[in-house]
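This report describes the fold of one protein chain, residue by residue where that helps. The sequence and the structure are shown first.

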Amino acid sequence: SKSSTGTTPFPNTDKLTEKERLVADSYLKMLKVLIPKEAVEHKMKKDGVEQKIINLVLNKNDPIQSPVPNVEKINVKPKLSEEEEKLVVTYKKMLKMCIPTEAVRHKMK
């Protein structure tokens, strides 16, 4: 399925030969109809598709598709007032004394 310009309708396939493009297009169509990436990858590996084509179809080498850094891993702590710090210390002591988390949460309310 080529567009009117003579190229495939999928981006990034210009790095492939015509034969490789034909292979990639069928898997790209699977993704287009919302078949999970994992299922498409499994099918490609089962069919013996080259790793180069697998990477291209799944955008594994595309820096634009790289994951956003996990916000949880960025070590930025909010600044607490002196009063809030005292409360935190109190609740941390309760947890340290093995008081159940739910009981500490209830006390916070």
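Not counting residues up to four places away in sequence, Y27 touches V40, K43, M44, D47, V49 and V57. Contact here means heavy atoms within 4.5 Å. The model is predicted: local features need pLDDT of at least 70, side-chain atom pairs count only at pLDDT 80 or more, and totals for chains, interfaces and linings use all residues. Residues are numbered from 1 along each chain as its sequence is written, and side-chain values use heavy atoms, with hydrogens and water left out.

Y27 belongs to the largest nonpolar core, which has 14 residues; Y27, V40, M44 and V57 touch the most other members. At least two residues of this core come from each of α1 (18-32), α2 (37-46) and α3 (51-57), and α1 gives the most, with five residues. A nonpolar core is a set of buried Ala, Val, Leu, Ile, Met, Phe, Trp, Tyr and Cys residues joined through side-chain atoms within 4.5 Å. Buried means under 20% relative accessible area, exposed over 50%, and partly exposed in between (1.4 Å probe, protein chains only).

## Overall make-up

The protein has five helices and zero strands, and its pattern along the sequence reads α-α-α-α-α. Helices (H or I, at least four residues) and strands (E, at least two) are DSSP runs, numbered from the N terminus.

Of the 109 residues in the protein, 24% are buried. Among contacts between residues at least 6 apart in sequence, 33% join residues at least 24 apart.

Helix α1 has 15 residues and reaches 20 Å from its first C-alpha to its last, close to the 21 Å expected at 1.5 Å a residue. The expected span of a helix is 1.5 Å times one less than its number of residues. The buried residues in α1 are E20, R21, A24, D25, Y27, L28, M30 and L31. Their cover includes α2 and α3. An α-helix has 3.6 residues a turn, so residues three or four places apart point the same way.

The axes of α1 and α2 come within 9 Å and cross at roughly 160°, which makes α1 roughly antiparallel to α2. Axes are lines fitted to C-alpha atoms, for helices over the stretch in contact, and angles run from 0 to 180 degrees between N-to-C directions. Angles under 35 degrees count as roughly parallel, over 145 as roughly antiparallel, 65 to 115 as roughly perpendicular and the rest as oblique. The α1 and α2 crossing is right-handed; a crossing is right-handed if the near helix is turned clockwise from the far one by less than a right angle, and left-handed if anticlockwise. On the α1 side Y27, M30 and L31 take part, meeting K37, V40, K43 and M44 of α2.

## The loop between α1 and α2

L34 sits in the loop between α1 and α2. Although L34 is not a glycine, its phi is positive, about 70°. L34 counts as exposed because its relative accessibility is 74%.

## Helix α4 and its pairing with α5

Helix α4 (residues 82-96) has 15 residues and spans 21 Å from its first C-alpha to its last, close to the 21 Å expected at 1.5 Å a residue. With helix α5 (residues 101-108), α4 packs at an angle of about 155°, the axes lying 9 Å apart. That angle makes α4 roughly antiparallel to α5. The contact involves Y91, M94 and L95 of α4 together with T101, V104, K107 and M108 of α5. This crossing of α4 and α5 is right-handed.

M94 is part of helix α4 and counts as buried because its relative accessible area is 14%. Setting aside residues up to four places away in sequence, M94 touches I99, V104 and K107. The C-alpha atoms of M94 and V104 are 6.9 Å apart, with the two residues separated by 10 residues along the chain.

## The loop between α4 and α5

C98 follows α4 and is found in the loop between α4 and α5. Its phi is near 65°, a positive value in a residue other than glycine. C98 is exposed, with a relative accessible area of 67%.

I99 lies in the loop between α4 and α5. At 28% relative accessibility, I99 counts as partly exposed. I99 touches M94 and V104, not counting residues up to four places away in sequence.
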